[in-house]
Amino acid sequence: MPNSQPDPRPKPLEESLLFPRTSRLRAADCGLELDSRFDCARDIVLSHAECEERGCCYAPLPHAASGGPPWCFYPRNYSGYKMGPFTPTPRGQAATLIRPSPSYLPKEILTLRLEVMEETESRLHLTLKDPLSQRYEVPLPTDQSKSRAVTQDPFYTTEFQPEPFGFIIRRTSSGRVIVNTTVAPLLFADQYLQLSTSLASPLVTGLGEHYTPLSLDLNWTSLTLWNRDMAPHANANLYGSHPFYLVQEGDGLAHGVFLLNSNAMDVVLQPTPALTWVAIGGVLDLYVFMGPDPQTVVRQYLQVIGYPMMPPYWSLGFHLCRWGYPTTNATRQVAQRMRDANFPLDVQWNDLDYADQCRVFTFDPRRFGDLPDMVQEFHQRGMKYILILDPGISSSSPPGSYPPYDEGLRRGVFIRNATGQTLIGKVWPGPTAFPDFTAPDTRLWWEDCIRRFHSLVPVDGLWIDMNEPASFVQGSVVGCPDSDLESPPYVPKVIGGQLSSGTLCMSAQQKLSTHYNLHNLYGLTEASATHSALVKIRGKRPFVLSRASFPGIGRFSGVWTGDVRSDWEQLRYSIPAILLFGLFGVPLVGADICGFGGDTTEELCVRWMQLGSFYPFMRNHNDRPNAPQEPYVFGQAAQAAMRSAVNLRYSLLPFLYTLFHHTHTSGDTVARPLFLEFPSDPNCQTIDRQFLWGSSLLISPVLEQGAVELAAYLPPATWYSLHDGQPYYSEGQYLLLPAPLNTVHVHLREGHILPQQEPALTTTASRRNPFYLTVALSAGGWAFGDLFWDDGDSLDTFQTGDYCYLVFMAGQSQVVSDPLKLSGALDGLVLRGLRVFGVASPPRTVWANGDKVQDFSYRSDTKVLTVAGLSLPMSRVFTVQWTL
């Protein structure tokens, strides 16, 4: 860090292990380009002499602001590990690395074992571990990441530099360098692991969860991964940690890198372009995914961390919540007013208002005494009900009066402090204990608690909040011991400056390890336990929504983006947040529509409802002190605009559900950045104000206050307005589109067919409604689409074959349905009509299954054929054709 004032400053890492002063460094060793300097003093501000004592170069920069190139940096060929010969292992090959002389780090590990595993032709796996001492490693489910024999030539080659040790991974087809760790030294101490690499391009995305654009800023920035209860804002570690990045190589190719490590870490980006991982525990466990295209990279990543769960159909409807519905009657009134105003509402929620003295697994006998009756009423209306469940268990109730705590204490399920007592923090109910979800006994106790509560209040899903875990005191109510875990030699740039800030002591004991190692896994382990409990208790597809996250959570849960503010900037930033979670394997994701913090405005709320209608998970949620933002509180014009957007979403749910089927079974994305679908279009590389559903539907929302027109980029193709079929023949250009308050622009790509359904006030009702198809013909007159359909709620329907799968094809002036797989799920459902975009001239006649159709129309200005009045069973082959 550029600072020539040596005092006052903290003590360097370990004076006794410093290099002898080395002013013998040759100028050639230090003559590096500014952008190619790698920081030798991340942990501390060093003077000239102290820098050289580390064996590093010191070259101050005049007038340099903090955050630029480092003044103290590694010379070329800084001393490092020396690599021995490879020997075969059951999974690949291994070599021993030995560091002949120590660096400046305390508790350095001087002997390492490198293992290199060519797991598939497109996936390379490297690990660096201590061969003499077992260190903490993240438990990854092995069924997902099994390797298979590499049957074709790998997409990668690897080269190893023996001394100082480093490796280079290249793309076989072009020789392009994908990873090059020889650019800076490998460091490996007990609480400091550092690995740098060059980057193939400055187009880097990933490394969540942060408040960033889709494309990361490489101008000497740092991203900290440490789960924290922190409202989204810039330069802060937020609720989740995802140590995965994807690089667009600039020519349509892409690769990804995943560091499987759950300790606190900084990821440092610099304009070389290059990246440095700095983790403060665990091992270096690195996966490299070679693509070759971005969508394939994501699929390869999900093959390691697990494909996402299949959500229940109803969870794709509209959800409404607020902290501040004080009673069951107030909650009932909200649902009734939504119905009276003709707004679809599938799921009514309650925040912590329902709980007796904020204690989970209870409900307030006075304000929510008839909660079980209210839930049954919602069910009778075809609605669902969800409430919040925090992990913190109140520890201050009189003994014998609060079974979750009494039972938990008896069964030993809570996280313990360093001396073995139950660690007590503080959350909404006051003093609280925290379940250790890494322990099997805890999972059983958690299931028992949910089962007992569900027998009284038959909730349809659970919202697990505050699970970073969050605490209102630092560490515990009695503080934390003084130790290396609480105060490591290097602390990543976490909000609050200490690892235990806003959470538990690092020395706290869990079944698998210390909280120091397991903190970032807390939300994942709770989501897994909650998902498992709901499967056993309800026997149906579970719905879990988590705030904290880590790779693999998409197998159990959706995620929302936390406490966003009601303002236009946060509206805009919600798009990259949603898209990034898709890349991280969490497709069921949304932001709090209209914002959680602060008062919304009518215009902002309309625009947010329009955008939110295309979040994969759609929920309007609000904080207690704010102005109400339920759709029915606004003026009639605003309500009409909102209603139109929500109804459009409901009409598209069969298509959205089919996209979720593809992500669940093959790792596709649902809400998709443009660069994933159009990797060779340079204009798409950084776009994050528009996005796609699947490969065919382009959403271009209004994101600016007062805007009445919108510049939308249309990649090269013919795109049809979903509203009226108006064609746009794009060569890859921005179009200026009118965007009054009642308009959200959605375009359908040529060559695609959308299955749709008449909307209704709940999915229970809409699932019984007639279907229709929207067909977007290509220039050659063809199109393709599909529909996955089951009962929407049963477990493992794909795995057990209890589903329908239909393919739709258009060509030669006809649309054909081909049911490839049938169950009873489509019985009684019919195709009522279709719209065909791009019909060149007026049809003379239309036929459906050989019968002449009377009810059709054609617009010559937009070239749209509309066919209505059909009643074709969806479970049978059908053909609709037209003669020109």
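Q: How far apart are the end C-alpha atoms of helix α12?
A: This is a predicted model, where local features need pLDDT of at least 70 and side-chain atom pairs count only at pLDDT 80 or more, while totals for chains, interfaces and linings use all residues. Residues are numbered from 1 along each chain as its sequence is written, and side-chain values use heavy atoms, with hydrogens and water left out. Helices (H or I, at least four residues) and strands (E, at least two) are DSSP runs, numbered from the N terminus, and a helix's expected span is 1.5 Å times one less than its number of residues. The 16 residues of α12 (residues 636–651) should therefore span 22 Å, and the distance between the end C-alpha atoms agrees: 22 Å.

Q: Which residues of α12 are buried?
A: Buried means under 20% relative accessible area, exposed is over 50%, and partly exposed is in between (1.4 Å probe, protein chains only). By that cut-off, the buried residues of α12 are Ala638, Gln639, Ala641, Met642, Arg643, Ala645, Val646, Arg649, Tyr650 and Ser651.

Q: Which residue in β51 is the bridge partner of valine 846?
A: Two strands pair if DSSP finds at least two bridges between them. Strand β46 (residues 845–848) and strand β51 (residues 878–883) have four, in the antiparallel sense. Across from valine 846, the partner in β51 is tryptophan 882.

Q: Which residue in the hairpin of β46 and β47 takes a positive phi?
A: β46 also pairs with strand β47 (residues 851–853), antiparallel over three bridges, with tryptophan 847 opposite lysine 852. Two residues sit between the strands of this hairpin, and the one with a positive phi, near 50 degrees, is asparagine 849.

Q: Is tyrosine 287 buried or exposed, and at what relative accessible area?
A: Tyrosine 287 is in strand β19 (residues 284–289). Leaving out neighbours within four places in sequence, its contacts (heavy atoms within 4.5 Å) include Glu119, His125, Phe258 and Val304. Tyrosine 287 counts as buried because its relative accessible area is 3%.

Q: What kind of aromatic pair do tryptophan 349 and phenylalanine 543 form?
A: Rings of Phe, Tyr and Trp (its six-membered ring) pair if their centres lie within 6.5 Å; planes under 30 degrees apart are stacked, over 60 edge-to-face and the rest tilted. The structure holds 43 such pairs. In this one the centres are 6.1 Å apart and the planes at 85 degrees, so the pair is edge-to-face.

Q: How many residues apart are tryptophan 349 and phenylalanine 543?
A: Tryptophan 349 is buried at 0% relative accessibility, and phenylalanine 543 is buried at 1%. Tryptophan 349 lies in strand β21 (residues 347–350) and phenylalanine 543 in the loop between α9 (522–538) and β27 (544–546), so the pair links distant parts of the chain, 194 residues apart.

Q: Which side chain makes a polar contact of 2.6 Å with the side chain of aspartate 790?
A: Aspartate 790 is in the loop between β42 (783–789) and α16 (797–800), and is buried at 0% relative accessible area. A polar contact is a pair of N or O atoms within 3.5 Å; within protein, one must be able to donate a hydrogen and the other to accept it, and residues adjacent in sequence count only if both atoms are side-chain atoms. The side chain of aspartate 790 has one of 3.0 Å with that of arginine 541. The 2.6 Å partner is threonine 797.
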